[in-house]
There are 2 protein chains.
Amino acid sequence: MNDIGLGIAGLGTVAQGVLQILSNNGAAIAQRSGCQLRVQRIASRSARDEVDMLGAQFSTNLQDLIEDPQVDIVLELIGGEDAAKDLIHNALLAGKPVVTANKAVIANHGDGLFAALQAANESSDLRFEAAVAGAIPIISAIREGLVANRFEHVVGIINGTCNYILTAMQNDGAQFSDALATAQELGYAEADPGFDIDGIDAAHKLTILLALAFDTHFDFSALHVEGITAVTAEDIRYAAELGYRIKHLGIARRSEDGLEARVHPALIPQQQLLANVDGVLNAVLVKSDAAGHTMFSGPGAGGAATASAVLADVVSVAASLRKPGADGGKRTAGAPDRAAEQVVLPISEAHSGHYLRIPSRDEPGVFARVAEALSRHEISIEAAIQKEPDAGQDVVSIVILTHTVQEAKVVAALEEVQDLPQVVGPVARIRVETLD
Amino acid sequence: MNDIGLGIAGLGTVAQGVLQILSNNGAAIAQRSGCQLRVQRIASRSARDEVDMLGAQFSTNLQDLIEDPQVDIVLELIGGEDAAKDLIHNALLAGKPVVTANKAVIANHGDGLFAALQAANESSDLRFEAAVAGAIPIISAIREGLVANRFEHVVGIINGTCNYILTAMQNDGAQFSDALATAQELGYAEADPGFDIDGIDAAHKLTILLALAFDTHFDFSALHVEGITAVTAEDIRYAAELGYRIKHLGIARRSEDGLEARVHPALIPQQQLLANVDGVLNAVLVKSDAAGHTMFSGPGAGGAATASAVLADVVSVAASLRKPGADGGKRTAGAPDRAAEQVVLPISEAHSGHYLRIPSRDEPGVFARVAEALSRHEISIEAAIQKEPDAGQDVVSIVILTHTVQEAKVVAALEEVQDLPQVVGPVARIRVETLD
């Protein structure tokens with residue numbers, strides 16, 4: 001039995017989850033892995049009397065985790081960005097393997113941290129299973145379980161707040177603002193919800209999935225990012241009529257021209273398994289050449305679920321530390337061909353279908369004018385419904401699904417549609433993904 | 001870059017899938033893993049001229065794979081049982097790591113093979129990701145991704161033939177025999193389908209999942225096994241009316257009294273994600289204390305999908321072989337506390353809800369007599385529907401869902417129900433699983 005000393009940075013919900021799991025299941029983990037995980041030291045801004053620290057030493061100085069020779073693995077669980085990045089960087093350079101749940105740090109500083117890892121000595125390592133989709137072992141699925149595959153796309157519901165809100169809108173017919181308020185009451189959305197509902201959190205995770213599946217750099221800025229604030233109850237209802245559900249997706253996809261990397265709401269066919277992942281659940285659908293379509297779902301957040309993923313990384317790193325000179329540790333840690341610099345395309349070159357909702361006056365010939373504008377830009381219509389005006393209203397909604405087309409063409413066509421005299425309000429557009 | 005020599009036993013669809021993936025993606029695998037996988041030798045009963053063996057040596061003697069010093073890893077892909085078992089056993093004792101896709105061998109001989117592994121030297125290893133649910137990395141999810149968890153249940157749709165047939169019955173209203181015939185025409189069922197439709201194949205896989213999640217011995221004989229031949233189109237229709245779908249499940253579950261391990265058709269709530277896994281897809285739902293409900297789905301069979309899982313194991317083993325003395329290899333291979341001998345309960349002590357379809361004469365008071373019989377055995381009714389007789393018939397179907405109850409009580413109650421004078425045919429019973 002190998003004794004492995006853990007140094008935990010932070011005492012928030014994830015750190016408490018780690019301590020709780022070690023308290024409950026530490027003996028079973030030791031039996032399965034051959035590694036006795038011992039919390040040697042915890043560093044946080046302030047102690048919490050109510051937390052059982054399992055006999056660990058405590059200090060308020062993060063650097064103590066690096067300097068304590070009995071800390072074999074550093075767990076970065078403080079969140080935030082700069083202090084976390086510095087801690088990870090310094091630990092790696094000091095030769096200590098790091099496990100982190102910090103998606104923002106990996107998405108924004110992954111390249112620099114991996115460079116530090118490459119410069120560090122053999123025992124160093126950097127793992128971040130918990131950074132994407134909580135308890136779901138999606139990082140190891142991409143890096144290990146599907147290692148023999150060429151990836152075609154990775155498409156995920158990777159923000160539980162957005163999924164909760166869209167599911168509530170679907171089930172209750174609620175408008176966005178009401179569903180958001182409910183989510184906030186239930187603790188599924190923050191008081192300041194922008195990080196989730198504007199798509200930033202999902203984009204951090206997609207940056208990581210993109211880098212791993214397609215060997216790109218960690219480049220958050222290359223992504224096209226939209227949130228869910230523009231989705232209306234009407235859109236969800238019309239989508240359902242057409243056989244679709246609206247989900248907030250992170251999409252990384254190989255196309256003929258390069259890579260697509262985008263975060264936005266999308267219509268997906270309701271018979272797809274991914275369309276049935278509801279509430280706060282996360283799921284990631286991977287299409288690869290040999291394994292076909294595989295999907296991984298589970299809780300995307302929460303202290304215990306995230307801690308489960310953190311400890312999976314810890315056990316994996318610990319096993320590689322069992323013998324001096326063992327080499328398991330960095331096996332999956334590097335990014336050997338990330339220098340290949342695959343091109344992430346601008347959103348204008350992405351391809352997908354489009355759902356269009358066009359508010360227009362209830363006059364004959366409007367649909368024909370819209371169809372002509374689309375046709376001029378080589379956009380073909382897959383389905384269309386025209387909704388009668390509500391009582392007392394004289395505005396109809398023309399709802400159109402297009403076949404797959406380059407985004408730039410849709411944008412150009414919609415400029416013309418928007419300028420039609422019969423169109424009386426902004427045209428709503430949501431992409432359609434078949435997930436084939 | 002480490003050069004790893006592979007020795008492949010067999011030249012069937014999975015072996016051909018491995019060769020095809022190595023041909024397509026070998027360079028990418030090398031870049032990701034740091035291991036150049038080279039097919040050193042193939043052994044099979046006869047050569048196949050149409051297969052590109054990637055320059056490997058060929059022989060008809062399996063033993064050559066073990067004796068060739070340039071074979072670093074043996075891939076057992078011949079299927080069958082005795083010859084495969086002997087090959088694995090001999091390879092392990094010779095210190096060669098083995099990767100196999102053979103569920104029957106692991107389910108029936110896993111204990112002996114792991115004993116051989118323990119007796120073998122350090123470099124030996126035994127991996128079998130491909131033995132359960134094809135491309136889905138469920139073995140590594142249980143052993144590694146969820147290593148920090150205490151498992152509550154592992155429930156899977158793990159036979160694609162059964163799932164295809166039940167899905168067809170659900171979608172088309174077809175009876176079992178017609179759906180089977182269609183599956184056979186399409187190649188989703190064998191000419192001799194018993195191995196799949198009687199549940200044996202699923203039971204092999206469940207034996208493995210049970211052993212890994214609950215640290216039991218590999219003991220196929222401890223399982224209760226039923227196939228899908230008794231499921232009727234009527235049962236599927238009534239289940240749908242009650243909000244359920246019928247799936248063929250492998251269930252391994254911890255109860256208060258011990259472990260349940262059973263393979264049988266079951267009603268599951270239709271809003272559950274698992275209920276929406278259709279066609280030949282496989283999926284495994286895992287409930288564990290920290291990660292909660294996680295689900296993994298994908299193709300459960302097919303040469304390429306199975307080969308994807310085989311190569312995931314190969315890469316993992318290869319990485320551990322990169323340095324002499326490295327210890328990564330056996331990290332997850334052992335079964336350290338399998339000696340704990342957890343008890344698998346007899347089916348009579350299993351707990352679940354039950355769907356009952358009782359064909360009876362169309363007379364007043366029958367339902368009351370049935371309800372009394374159930375009540376005498378402390379079985380409470382959750383829902384019931386009584387179907388009018390079809391035109392020209394005088395037999396009604398009384399359909400009842402019970403709350404969760406010990407199996408023995410239902411069996412005893414149904415003996416009484418079956419003996420009621422108004423009951424005119426065999427009572428159908430299918431278990432109900434809430435998956436909570």
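This is a predicted model: local features need pLDDT of at least 70, side-chain atom pairs count only at pLDDT 80 or more; totals for chains, interfaces and linings use all residues.
## How the two chains are related

Chain B can be laid on chain A by a turn of 180° with a shift of 0.0 Å along the axis, and the RMSD of that superposition is 0.0 Å. This is the relation of a two-fold axis. Of the interface residues of chain B, 100% are also interface residues in chain A, so the copies meet through the same surface.

## The contact between chains A and B

The contact takes 53 residues from chain A and 53 residues from chain B. On the side of chain B that touches chain A, the elements that give two or more residues are helix 1 (13-33), helix 5 (138-145), strand 12 (292-299) and helix 11 (303-320) of chain B. Among these, helix 11 of chain B gives the most, with ten residues. When the residues on this side of chain B are sorted by class, 26 are nonpolar, 18 are polar and nine are charged.

## A six-stranded sheet in chain B

Chain B contains an open sheet of six strands with parallel pairing, in which the strands follow the order 3-2-1-4-5-6. Strand 3 (57-59) and strand 6 (126-127) of chain B stand at the edges and each have a single partner strand, so one side of each is left without a neighbour in the sheet.

Within this sheet, strand 4 (residues 73-76) and strand 5 (residues 98-100) of chain B run parallel and are joined by three bridges, and B:Val74 stands opposite B:Val98 in strand 5 of chain B. Helix 1 of chain B packs on the sheet, where it touches strand 1 (2-9), strand 2 (35-43) and strand 4 of chain B, and the direction of this helix makes about 160° with that of strand 2 of chain B.

## The domains of chain A

The domain assignment of chain A gives domain 1 (2-134 + 303-340), domain 2 (146-297) and domain 3 (347-432). The C-alpha centres of domain 2 and domain 3 of chain A lie 24 Å apart, and the contact between these domains takes 16 residues from domain 2 and 15 residues from domain 3.

On the side of domain 2 of chain A that touches domain 3 of chain A, helix 10 (233-241) and strand 10 (259-269) of chain A each supply at least two residues. The largest share, six residues, comes from strand 10 of chain A. The residues on this side of domain 2 divide into seven nonpolar, three polar and six charged.

Technical notes: Residues are numbered from 1 along each chain as its sequence is written. Chains are lettered from A and ligands numbered from 1 in the order in which they are written. Two residues are in contact if their C-beta atoms, placed from the backbone, lie within 7 Å. Helices (H or I, at least four residues) and strands (E, at least two) are DSSP runs, numbered from the N terminus. Ala, Val, Leu, Ile, Met, Phe, Trp, Tyr, Cys and Pro count as nonpolar, Asp, Glu, Lys and Arg as charged, and the others, Gly among them, as polar. Two strands pair if DSSP finds at least two bridges between them. Axes are lines fitted to C-alpha atoms, for helices over the stretch in contact, and angles run from 0 to 180 degrees between N-to-C directions. Copies are superposed by least squares on the C-alpha atoms of residues with pLDDT of at least 70 in both. Domain bounds come from an automatic or database domain assignment.
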